[in-house]
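Student: I have a structure open and would like a close look at one part of its surface. Please start there, then walk me through the rest.

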Amino acid sequence: MRGFLIIVLLILTMDVTSGQISIQPIPQYPVINGSVTLSLTGITDKIEAVIWYKGPNRSPQYEILVYVPGINRTLVGRPLYNDRISVFNNGSLHIKDLRLTDGGNYKVTAPTLTSANNVDVTLTVYGYTEPINNSTGLIIGLTIGTILGGVLIIIISVFLCKKILTKKNNESSENRQDQINVYENMKTAQPNEESSYTDLQFRTENTYAELKT
């Protein structure tokens, strides 16, 4: 334990320089209830200790854990540590049963005998599915467009059918009305036979009277 404290004090007092290390989230798009490994790579020298942070800076209140690799592996949980977090022998951080609150800025300090290696990474925890890639989005867009197009065609067809039926009904009503009007006109135009007979009788009586005179 004394050796561990010496290493931690060495980390805090040595000059901090930027190394060539990097952190890669595996998988690239971690989701809720899944797991992720913040893989620490690029360190060629022997790592003396690893300190993980989550927050805006490397203050003690943002520490997750301090880990000393080697035969006597030592892990000390710090203020932000919980039982869903573990660490591999190479210093990589593993988080299981992910929650949205696990997303954020992660920082690590992994000093060797010659330098203190610092690197940051931003972790994003997604919903229940991974982000849709371009090809999947294109297929979904085409499918939705096809469905909407079919619905639009059906609506237009129904509208046109109703319009045609309405027009035919109006034409039929007009034809029936025309037939009624023609019939009434023909009935009105029939000659008055009684008037013709009366005129003829009147003229015959006049002619007889003239002959008698």
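Tutor: Start with a nonpolar patch on the surface, formed by Leu152, Ile156, Phe159 and Leu160. Together they have about 400 Å² of accessible area. Accessible areas come from the Shrake-Rupley method with a 1.4 Å probe, and for residues only the protein chains shown count as cover. Patches are made of residues with over 30% relative accessible area and no salt bridge; like charges are joined within 9 Å, and nonpolar side chains (Val, Leu, Ile, Met, Phe, Trp, Tyr) within 5 Å.

Phe159 sits in helix 2, which covers residues 134-188. Helices (H or I, at least four residues) and strands (E, at least two) are DSSP runs, numbered from the N terminus. Phe159 has a relative accessible area of 54%, so it is exposed. The cut-offs are these: buried means under 20% relative accessible area, exposed means over 50%, and partly exposed lies in between (1.4 Å probe, protein chains only).

A word on the model. It is predicted, so local features need pLDDT of at least 70 and side-chain atom pairs count only at pLDDT 80 or more, while totals for chains, interfaces and linings use all residues. Residues are numbered from 1 along each chain as its sequence is written, and side-chain values use heavy atoms, with hydrogens and water left out.

pLDDT is the predictor's confidence in each residue, from 0 to 100. The mean for the protein chain is 78, and 67% of its residues reach 70 or more. Among the elements, strand 8 (residues 93-95) has the highest mean pLDDT, 98. Strand 1 (residues 16-17) has the lowest, 39. Over residues 1-19, pLDDT stays under 50. For that stretch the model has 24 contacts beyond four places in sequence. Contact means heavy atoms within 4.5 Å.

Now the whole chain. It has 3 helices and 10 strands. From the N terminus on, the order is α-β-β-β-β-β-β-β-β-β-β-α-α. Of its 213 residues, 25% count as buried. The chain exposes about 15300 Å², and carbon and sulfur atoms supply 58% of that. Take the contacts with a separation of 6 or more: 53% of them join residues 24 or more positions apart.

Next, the charged pairs. Side chains of opposite charge can pair when their charged atoms come close. A salt bridge is a side-chain nitrogen of Lys or Arg within 4 Å of a carboxyl oxygen of Asp or Glu. The whole structure has 4 salt bridges.

One of them joins Arg58 and Asp120, at 2.9 Å, N to O. This pair links distant parts of the chain, 62 residues apart. Arg58 is in the loop between strand 4 (50-54) and strand 5 (63-68), and Asp120 is in strand 10. Arg58 is partly exposed at 30% relative accessibility. Asp120 is partly exposed too, with 42%.

Glu63 and Arg78 also meet in a salt bridge, at 2.5 Å, N to O. Glu63 lies in strand 5, and Arg78 lies 15 residues away in the loop between strand 6 (74-77) and strand 7 (85-87). Glu63 has 8% relative accessibility, so it counts as buried. Arg78 is partly exposed at 33%.

Then there is Arg84 with Asp102, at 2.9 Å, N to O. Arg84 lies in the loop between strand 6 and strand 7, and Asp102 in the loop between strand 8 and strand 9 (104-111), so the pair ties together parts that are 18 residues apart in sequence. Both residues are buried. Salt bridges that share partners also join Arg58, Lys107 and Asp120 into one network.

Turn to the aromatic rings. Rings of Phe, Tyr and Trp (its six-membered ring) pair if their centres lie within 6.5 Å; planes under 30 degrees apart count as stacked, over 60 as edge-to-face and the rest as tilted. By this rule there is 1 aromatic pair. The ring centres of Tyr29 and Tyr126 are 5.6 Å apart and the planes stand at 70°, so the pair is edge-to-face. Tyr29 is in the loop between strand 2 (22-26) and strand 3 (36-41), and Tyr126 is in the loop between strand 10 (116-123) and helix 2, 97 residues apart. Tyr29 is partly exposed at 32%, and Tyr126 is partly exposed at 26%.
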